[in-house]
Amino acid sequence: MPPKRLRLGILTPSSNTALEPLTQALVSTINAAISSHHITVHFSRFPVTQISLSAASLAQFDLKTILAAAELLAHAEVDIIGWSGISAGWLGFENDVQLCKEIEKATGVRATTSVLALNKVLRLWDVKKLGLVTPYTDDIQEAIVQNYKGIGIEIGENMERHLKITRNVDVADISEEVLDGLIAEVCNAGVDAVSTFCTNFVAAQRVDTWEEKHGIPIFDTVTTVVLDMLQLNGVELKGLKGWGMIFKKPLATNTYQEGCNKLRAGLREGQIR
């Protein structure tokens, strides 16, 4: 039987220069490893150049703009749409839940995001203490920390590092040496896992190296959205090599909202600390 065609549609910040080559490299590895599907990736950009909490920066993530980019992906008859971005980290996780609903309503195509996929992974791996590495400013970082606190995940003072960058195109120029140092610092803080929480980090290809050195899982947000998109379409990826421990456990295919409701119920009942 010939492999089933599967088209992934990826929403991309306009100033991001890392996620497209990384996504293509990951998908090339997957295509070489499986026979059930042949996967192609298709990208649509919308304007994002600065990352801050200013009104102008927040307006970049206006729903209307993102939906216009999603509708262009639907023209290619993609099987699923993924937002390869992490704005819900500071805007709130419900923002991505609503975004997915609106994309599905506008295009008829199922949707997911890097952050919703990451949160599935964190639940699956029972992460309570998360190391967080980002390029962002103090106020953006604090908003991310507080949003994770709200779902029962601790990111303590020594568990995070950030670089105070606002110009998004500059993020892809951060060297492997710098990222190596940041990862080492948060791994030494007693965390259960680490996230490289920015899809313009050139980081996904380093995950195997970091995990081998530090012995804990590293979850990159370029990888999380691809993993979720594929598993929601029935692609078996358990055991894929070269891209980290994340591929050791299959993700649940229920919606993020269902999982979030279960987590909140546990917090209310004192079952999760």
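Buried means under 20% relative accessible area, exposed means over 50%, and partly exposed lies in between, using a 1.4 Å probe on the protein chains only. By that rule Cys100 is buried, with a relative accessible area of 6%. Cys198 counts as buried too, at 1% relative accessibility.

This is a predicted model, in which local features need pLDDT of at least 70 and side-chain atom pairs count only at pLDDT 80 or more, while totals for chains, interfaces and linings use all residues. Residues are numbered from 1 along each chain as its sequence is written, and side-chain values use heavy atoms, with hydrogens and water left out.

**Cysteines**

A disulfide is a covalent bond between the sulfur atoms of two cysteines. Here the test is a pair of cysteine sulfur atoms within 2.5 Å. The count comes to zero disulfides. The sulfur of Cys198 is 18 Å from the closest cysteine sulfur, in Cys187, so it is too far for a bond.

**Strand E3**

Helices (H or I, at least four residues) and strands (E, at least two) are DSSP runs, numbered from the N terminus. Strand E3 covers residues 80-83. Which of its residues are buried on each side? Ile80 and Gly82 are buried on one side, and Ile81 and Trp83 on the other.

Two strands pair if DSSP finds at least two bridges between them. Strand E1 (residues 4-13) pairs with E3 in the parallel sense, over four bridges. In that pairing, Gly82 of E3 is the bridge partner of Ile10. E3 also runs parallel to strand E4 (residues 111-113), joined by three bridges. There Ile81 stands opposite Ala111.

**Cavities**

On a 1 Å grid over the protein atoms alone, a cavity is a set of points where a 1.4 Å probe fits but cannot get out; lining residues have an atom within 4 Å of a point. Grid points are joined across faces, edges and corners, and a volume is the space filled by probe spheres set on the points. There are two cavities of 30 Å³ or more.

| Cavity | Volume | Lining by class |
|---|---|---|
| Largest | about 100 Å³ | eight nonpolar, six polar, no charged residues |

The largest cavity is lined by 14 residues, and the closest to its centre are Pro13, Ile86, Tyr136, Asn168 and Thr199. The lining of the second largest cavity includes Trp83 and Asp96. Helix H5 (residues 93-107) gives the most to that lining, with three residues.

Methods. 1 Å grid on protein atoms, 1.4 Å probe; cavity = no way out; pocket = protein on both sides within 12 Å on 5 of 7 lines; lining within 4 Å. Nonpolar A, V, L, I, M, F, W, Y, C, P; charged D, E, K, R; others polar.
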